[in-house]
Amino acid sequence: MSATPAVDALDRRLGTPGDEHPAYLPSALTALDRQEAFPADACRVLDDFGLAAHYVPATAGGRLRDHTELLQLLRTVARRDLTVAVGHGKTFLGAASVWVGGTPEQARRTGASITAGSVASWGLTERGHGSDLLAGEVSAVRDAGGWRLNGEKWLINNATRGDLVCVLARTSPDGGPRGFSLFLVDKRQLPEGAHTCLPKVPTHGIRGADISGIAFHHARLTDDTLVGEVGAGVEIVLKALQITRTVCAALSLGAGDTAVRIAVDYARHRSLYGRTLAELPRVRRILGEISAAQLLAEATGLVASRSIHALPGEMSVISAITKALVPDLAQHIIDRTAELLGVRGFLSEQYADGTFAKLERDHRVVAIFDGNTAVNRNALIDQFPLLATRYRRARTQPAATTATTGATALTAATALGRDLGDFSPRHLSLISSDGCSLVQSLPEAAARITAEADAGRLPRETAVLAARIRAEADALHEELAAQRRTPRDVPAESFALAERYELCYAAAACLRLWLDNPWPAGRAGEVPAAARNGLWLQACLRLVLTRLGHRLDEAGATAYDRLADHALDVSGATSLTTLLPGPASRSTS
């Protein structure tokens, strides 16, 4: 259950608050932000560490064997600075379509280029078309021995800095789902005049990132630049997004780590009327509640990233949930921290070198990457009928995709100590025919929690909360089954239902993480302090019910206060805001 050696090594390389690597000094990073300058030195540290090799699957010559490790590596970077994480991590997003739809030889060639230092970007969006990929006008027309690429991609991360650009282009004049193809363009091999890099676009957050564009002028491409089959571009992109949207949770998790740390530090050191803020009940409640939100976000991200390996056929549902919910929870944490900091949160130099002010701006931009919240909730809404049917059947994925003999695929996703099998892109699907195994397991998990409480291993309150969430899930799926929509008419209430479904997923992730992992009560030093007697579980379930609109007894809110006690106890060996003992404790305590 601990962080991997690579995560630990990267954490040590980047340093801890007050003892950072020179390129990661908050004052240096905020100065670059004011100048809207790319953090080249900070990215060079990641290059020297070899982080790019973790963007490349082992089958293509890299070190990527476990997407949860990649999630934790990028979280480690995002905890220091979101601009750096976005600027460097974009290479994984830019190459993801090759890992999903390219030939083995193409993947090996691309992997070798990336591990040697090439920067990749993803040319999907265009000016005026936003998230509507089927409206794209960039075209690729058959030419003798290859293709001619024309048109402009805009608001593309690393469009100027990137060496490789994976471009979605219209290959059929009529367009449509089978009218687009993908091309991996190496800008270095294009003749002079075949492309133009567009000016950097000023942005509210991640000001130093290379958010620009690229225009192609009859650029001649050879056939070996085609990724997948002609006409398969949209399908490959949608499948690759299932992976990238899940891994993007790392950005929000890192932002949440930093916001909680800043809130705790401020409460411990700021005095008011002769007492520290940490001594005030209202402040302690805020600290406990944002800590619970961070744990809920992490539970969602951990299970989702493991599901890339264990439940690939369900990633169309899981990725949409993760990309909508985790940034939403992180933004909630940031907003509550801003409430606590007051005017200091908006000072760009005087308080904490402007770290929080930058974080608050940066994360608002992060939330729209790879599809904003509305786009992801709409993707979930599309599968409401199937999700409702599968929930009623309460069936889970068979064990065929797990690498652990005798275990179900769902348990492989939630038992953190189990080894995961290799990721199999061919099992990705645009629609999850099996629904969502995790949510479908919620009734069984709630019953097991009741049994734990009956045996005295958990407080009765935890079982009551789990039962209420199970009842909420039952009612929710009845409403999902009753929804009626057309592609052009999505009822407004559907988005509220999608948000409720996300919260049920998060609750189920917490329940299964508790049940499928060793959390021995009372054995100090072996588990995070907040795990003893199921404290983190109780607080997370309470938060889910509160966000679902339930009115809860005030007595149960003491779980937040006890979480705050752990957050404020800097002598602890592990961080409160991670379920994984390891380097995060040194960076967030």
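Okay, one term before we start: buried means under 20% relative accessible area, exposed is over 50%, and partly exposed sits in between, with a 1.4 Å probe and protein chains only. By that rule Trp147 is buried, at 3% relative accessibility.

Now the ground rules. What you're looking at is a predicted model, where local features need pLDDT of at least 70, side-chain atom pairs count only at pLDDT 80 or more, and totals for chains, interfaces and linings use all residues. Residues are numbered from 1 along each chain as its sequence is written, and side-chain values use heavy atoms, with hydrogens and water left out.

Let's stay with the rings. A pair of aromatic rings is described by the distance of the centres and the angle of the planes. Here, rings of Phe, Tyr and Trp (its six-membered ring) pair if their centres lie within 6.5 Å; planes under 30 degrees apart are stacked, over 60 edge-to-face, and the rest tilted. How many aromatic pairs does the structure hold? Three. One of them is Tyr55 with Phe92, a tilted pair at 6.4 Å centre to centre and 50 degrees between the planes. Tyr55 lies in the loop between helix H3 (40-49) and H4, and Phe92 in helix H5 (residues 82-101), so this pair ties together parts 37 residues apart in sequence. Helices (H or I, at least four residues) and strands (E, at least two) are DSSP runs, by the way, numbered from the N terminus. Tyr55 is buried, at 1% relative accessible area, and Phe92 counts as buried at 1% too.

Then there's Trp147 with Phe183: the ring centres are 5.2 Å apart and the planes at 65 degrees, so that pair is edge-to-face. Trp147 lies in strand E5 (residues 146-157) and Phe183 in strand E7 (residues 180-186), so parts 36 residues apart in sequence get tied together. Phe183 is buried, at 0% relative accessibility.

On to helix packing. Axes are lines fitted to C-alpha atoms, for helices over the stretch in contact, and angles run from 0 to 180 degrees between N-to-C directions. Under 35 degrees counts as roughly parallel, over 145 as roughly antiparallel, 65 to 115 as roughly perpendicular, and the rest as oblique.

Take helix H9 (residues 281-310) and helix H4 (residues 67-80): their axes come within 8 Å and cross at roughly 140 degrees. That makes H4 oblique to H9. Contact means heavy atoms within 4.5 Å, and on the H4 side it involves His67, Thr68, Leu71 and Arg75.

Last one: Glu502, in helix H18 (residues 492-515). Buried or exposed? Buried, with a relative accessible area of 0%. Leaving out residues up to four places away in sequence, Glu502 touches Ile321, Ala324, Leu325, Arg377 and Leu380.
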